[in-house]
Amino acid sequence: MDSNKLRNSGYQLSDRVQFGGIFEPEKCKQIAKQVMELYDSNKDGYIEQNEIAMMLSDAYRAMNKGFNPNSQDVSNCQAILDRKSTGRVHNEDIEQLVQKYFSGQPPAQPVKRVPEKLSRIAQERLEVARRIFKFVDKDNSGVLTEEEVPELLKETYKHMGMNDYEPTKEDVVIWIQMTDTDGDGKVTLEDYEQLVLDSLRKQGISLE
């Protein structure tokens, strides 16, 4: 990127550029606000799937590439943007994403803990998840890297009766982005547990 053009555009270059950051955190907030204003067409404070489709199309058009996203593309994008797994994308989600990729430091993530009291089905799902995680984490490091995630995905699908599932690289990247709460490229057991609980919530299954 031409730094002179960037300065002339009115954006403030961060002194953390050498470490991967481009914009100061406050500028990231402003950019996120502008994104919301541009794509939240009905001004309800959220970006819905049809608006995500427009966002994807514009992003590819900016790279001089034609792209007509299908429903799966939109769902994958929504899963990445929806950092709190609420089912909707709002300003804070966009802000975290912008800070993750354009600031020299990732935004602080709220600490999530597994509730002390869980329903029987939630406990059973967590036990299965913990066994799979332990099986895949061969070096007992407590974290899974991108190289270990495919085996976890295959073992997870086996428990659902799908023995022939072979995750693609894109599947792995999307799954890590959904699960890795601090953006360090690694998935902890706590990250995985939270993903399982969030999935149960989205299915309407009570956790308590």
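Visitor: Where is Glu92 found?

Guide: Glu92 sits in helix H5, residues 91–102. Before going on, note that this is a predicted model: local features need pLDDT of at least 70, side-chain atom pairs count only at pLDDT 80 or more, and totals for chains, interfaces and linings use all residues. Residues are numbered from 1 along each chain as its sequence is written, and side-chain values use heavy atoms, with hydrogens and water left out.

Visitor: What makes a stretch a helix or a strand here?

Guide: Both are DSSP runs, numbered from the N terminus: helices are H or I with at least four residues, strands are E with at least two. By that rule the chain has 9 helices and 4 strands. From the N terminus, their order is α-α-β-α-α-β-α-α-β-α-α-β-α.

Visitor: Why is Glu92 called partly exposed?

Guide: Buried means under 20% relative accessible area, exposed means over 50%, and partly exposed lies in between (1.4 Å probe, protein chains only). Glu92 has 33% relative accessibility, so it counts as partly exposed. Its C-alpha atom is 9.7 Å from that of Leu81, which is 11 residues away along the chain.

Visitor: And why does Val173 get that label, partly exposed?

Guide: Its relative accessibility is 32%, so Val173 is partly exposed. Val173 belongs to helix H8.

Visitor: How much of the chain counts as buried?

Guide: 35% of its 208 residues.

Visitor: Why are H3 and H4 called roughly perpendicular?

Guide: Axes are lines fitted to C-alpha atoms, for helices over the stretch in contact, and angles run from 0 to 180 degrees between N-to-C directions. The axes of H3 (residues 49–62) and H4 (residues 71–81) cross at roughly 95 degrees and come within 9 Å. Under 35 degrees counts as roughly parallel, over 145 as roughly antiparallel, 65 to 115 as roughly perpendicular, and the rest as oblique. H3 is therefore roughly perpendicular to H4.

Visitor: Which residues make that contact of H3 and H4?

Guide: Contact means heavy atoms within 4.5 Å. H3 supplies Gln49, Ile52, Ala53, Met55 and Leu56, while H4 supplies Asp73, Val74, Ser75, Cys77, Gln78 and Leu81. By class, this contact has 7 nonpolar, 3 polar and 1 charged residues. Nonpolar covers Ala, Val, Leu, Ile, Met, Phe, Trp, Tyr, Cys and Pro; charged covers Asp, Glu, Lys and Arg; the others, Gly among them, are polar.

Visitor: Why are H8 and H9 called roughly perpendicular?

Guide: Their axes are 9 Å apart and pack at about 90 degrees. H8 and H9 are therefore roughly perpendicular to each other. Trp175, Met178 and Thr179 of H8 meet Asp191, Tyr192 and Leu195 of H9. That contact divides into 4 nonpolar, 1 polar and 1 charged residues.

Visitor: What do the buried residues of H9 pack against?

Guide: Helices H6 (120–136), H7 (149–158) and H8 (169–179), and strand S4 (187–188). Leu195, Val196 and Leu197 are among these buried residues.

Visitor: Why is Lys43 called exposed?

Guide: Lys43 reaches 56% relative accessibility, so it counts as exposed. Lys43 lies in the loop between helix H2 (25–39) and strand S1 (46–47). Its phi is positive, about 55 degrees, though it is not a glycine. Most residues other than glycine have a negative phi.

Visitor: Why does Asn140 count as exposed?

Guide: Asn140 has a relative accessible area of 60%, so it is exposed. The loop between H6 and strand S3 (143–144) holds Asn140. Asn140 also has a positive phi of about 55 degrees without being a glycine.

Visitor: Which residues does UniProt list for "domain: EF-hand"?

Guide: The unreviewed entry lists residues 27–62, 124–159 and 167–202. UniProt positions are in the numbering used here, feature names are shortened, and annotations may be inferred rather than shown by experiment. In the model, residues 27–62 are 75% helix and 6% strand, with end C-alpha atoms 21 Å apart. Residues 124–159 are 64% helix and 6% strand, with end C-alpha atoms 12 Å apart.
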